[in-house]
Amino acid sequence: MLRFFSAGESHGPALTVLLDGVPAGLALVASEHIDPWLRRRQGGYGRGRRMVIESDCAQILAGVRAGRTTGAPISLQIENRDWRNWSEIMSPLPGGEPRKRALTEARPGHADLTGGIKYGHKDLRDVLERASARETASRVAAGAIALRLLETVGVQACARVVALGGIPCDGGMDWERLSDLDESPLRTFDRDAEAAIIARIDEAKRSGDTLGGVVEARFRGLPVGLGSHTQWDRKLDGRLAGAVMSIQAIKAVEIGDGWAAAGAPGSQVHDPIGYRSAAEHPGEAGYYRQSNRAGGLEAGMTTGEELVVRAAMKPIATLMKPLPTVDVLTHEAADAARERSDTTAVPAASIVVLAMSALILADALMEKFGADTVREITERVAAHRDFASTF
Ligand SMILES: Cc1cc2nc3c(=O)[nH]c(=O)nc-3n(C[C@H](O)[C@H](O)[C@H](O)COP(=O)(O)O)c2cc1C
Ligand SMILES: C=C(O[C@@H]1CC(C(=O)O)=C[C@@H](OP(=O)(O)O)[C@H]1O)C(=O)O
């Protein structure tokens, strides 16, 4: 079982990540396999000035020696460079009253008010510091290790934006052009839509507003039968949806045709099944779906087709033209607090959705093929691919 935990405040000294259950023998070098994903998460047009301060990289503190995992828990640390500007405000030592940078005008759409009532904090900073999506750097670091494990059994992954600020930018999937996504300021294949979206982001920023969008995580090469139909909590669609919905500002998750399938007849939704014989299709033998409207999952199990997870991100909660709220000290009407903030973070969210999906998939991989070493897992996956293709 793959287990992931993290700790760390947005403006504290660092984020701490624990990932338990990674098999031994996985080649893992932080600068090669983790940091590029952290860089991608920092990118995207419309992010705020915090991303100029940070330059995220993971320091491996445990679980890896000489470039390979040992099978022991992996511990990582990601420094918050901004902490230098906050060390007094974020100090764990007693004192510091009256508090500097206390936040009492709860922002609608953020964790401030509900978290304040729940945990009894009148300085809502005690809530927002952990609610902040700074935490998603931890998810991406852990997810990068999951991606590395998936990659060793022949799984490829892609994270992209398919709509932003109400403007579609799907542009079609193209596995041959993955590197183009890193070149695009919006992580989209649809370069034609970019100018209109950038203009919309600029306009939102000018008017003190924010934007959301739709992102997609996609995996190809997954073995058939990860997850299980036999118990509700083993179904992979549910596990993926839960993990993706847990990401800050994600408000809906869709597998395959999802919402559109609800309005179409069954004949136009379900994917006809075909079979390629080894004689006619050497190297490609086995069952396949003639379309993939199910997005790679049936009954909570991978079908072997591409897994397609889409997620809707709401607009950023902190508005520079603030919404009405109430000050929790005075109960008087107030403008919501204005914190340094992103105008949009949809491209970054695509990386987080990919990371969370990868963690769930790697867990499901371990469940089916679980072993102490990567060598055993790759052997078992290869044997299962043979079995599935001749079944
Ligand atoms: C990558 C990323 C960056 C974000 N940046 C901000 C931000 O700068 N300002 C903000 O108010 N919310 C931001 N959010 C969203 C809030 O963290 C989120 O809305 C808040 O924690 C409340 O959770 P909820 O929206 O899931 O209800 C960001 C989310 C993500 C995924
Ligand atoms: C720090 C990150 O995102 C932050 C997420 C966030 C929020 O409220 O969620 C608010 C902003 O924090 P700050 O006020 O420090 O600029 C974002 O920058 C990050 O993604 O690494």
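Helices, taken as DSSP runs of at least four residues, and strands, taken as runs of at least two, are numbered here from the N terminus. In the predicted model described below, arginine 47 lies in the loop that joins H1 to helix H2 (50-53), and arginine 40 is placed within helix H1 itself, which comprises residues 30-42. Both Arg40 and Arg47 carry the feature "binding site" in an unreviewed UniProt entry. The surroundings of each arginine were examined in turn. Arginine 40 is buried, because 21 other C-beta atoms are found within 10 Å, and a residue is counted as buried at 20 or more. Arginine 47, with 19 C-beta neighbours inside 10 Å, is therefore classed as partly exposed. When neighbours within four places in sequence are left aside, arginine 40 is in contact with Asp182 and Ile351, while the contacts of arginine 47 under that condition are Asp342, Ala345 and Ala348.

Two ligands were considered next. Ligand 1 is surrounded by 21 residues, the closest of which are Ala133, Gln248, Thr318, Asp342 and Ala345. Helix H10 makes the largest contribution to this shell, giving 3 residues, and by class the shell around ligand 1 is made up of 11 nonpolar, 8 polar and 2 charged residues. Around ligand 2 there are 14 residues, with Arg50, Ser132, Ala133, Arg134 and Arg340 being the closest. The shell of ligand 2 consists of 2 nonpolar, 6 polar and 6 charged residues.

The unreviewed UniProt entry also places the feature "binding site" at a further set of positions, including Arg130, Ser132, Gln248, Ala299, Ala317, Thr318 and Arg340. The annotated positions of this set span 211 residues in sequence and the farthest two C-alpha atoms are 43.7 Å apart, so they do not all gather at one spot. Of two members examined individually, alanine 299 is located in the loop between S13 and S14 and is partly exposed, with 13 other C-beta atoms within 10 Å. Alanine 317, by contrast, is found in the loop between S15 and strand S16 (324-326) and counts as buried, having 20 C-beta neighbours inside 10 Å. Apart from residues up to four places away in sequence, alanine 317 touches Arg107, Pro108, Gly109 and His110.

Threonine 210 belongs to the loop between helix H7 (191-206) and strand S9 (213-220), and with 25 C-beta neighbours inside 10 Å it counts as buried. Its contacts, not counting residues up to four places away in sequence, are Ala204, Pro315, Ile316, Leu319, Thr343 and Thr344.

In soluble globular proteins, nonpolar side chains tend to be buried together. The largest nonpolar core of the model has 87 residues, and those with the most contacts inside it are Ala141, Leu150, Ala349, Val353 and Leu359. Helix H10, which covers residues 346-369, supplies the largest share of this core, namely 17 residues. A second, separate core of 9 residues includes Ala106, Ala111, Leu124 and Val127. Within the largest core, leucine 150 touches Val155, Ala157, Ala358, Leu361, Ala362 and Leu365 when residues up to four places away in sequence are not counted.

Helix H8, formed by residues 236-245, has Leu236, Asp237, Arg239, Leu240, Ala243 and Val244 as buried residues. These residues cover an arc of only 165 degrees around the axis, which means that they are on the same side of H8. The elements covering them include strand S10 (250-255), strand S13 (297-298), strand S14 (301-302), strand S15 (307-313) and H10.

Most residues other than glycine have a negative phi. Alanine 66, however, has a positive phi near 50 degrees, and arginine 187 has a positive phi near 55 degrees. Alanine 66 is placed in the loop between strand S4 (64-65) and strand S5 (68-69) and is exposed, with 5 other C-beta atoms within 10 Å. Arginine 187 is found in the loop between helix H6 (178-183) and H7, where it counts as buried, with 28 C-beta neighbours inside 10 Å.

How values were computed: Residues numbered from 1 in each chain as written. Chains lettered and ligands numbered in written order. Predicted model: local features only at pLDDT ≥ 70, side-chain atom pairs only at ≥ 80, totals over all residues. Near = placed C-beta within 6 Å. Nonpolar A, V, L, I, M, F, W, Y, C, P; charged D, E, K, R; others polar. UniProt positions renumbered as here; feature names shortened; annotations may be inferred. Buried ≥ 20, exposed ≤ 12 C-beta atoms within 10 Å, placed from the backbone. Contact = placed C-beta atoms within 7 Å. Core = buried A, V, L, I, M, F, W, Y, C linked by C-beta atoms within 7 Å. Arc of directions from axis to C-beta.
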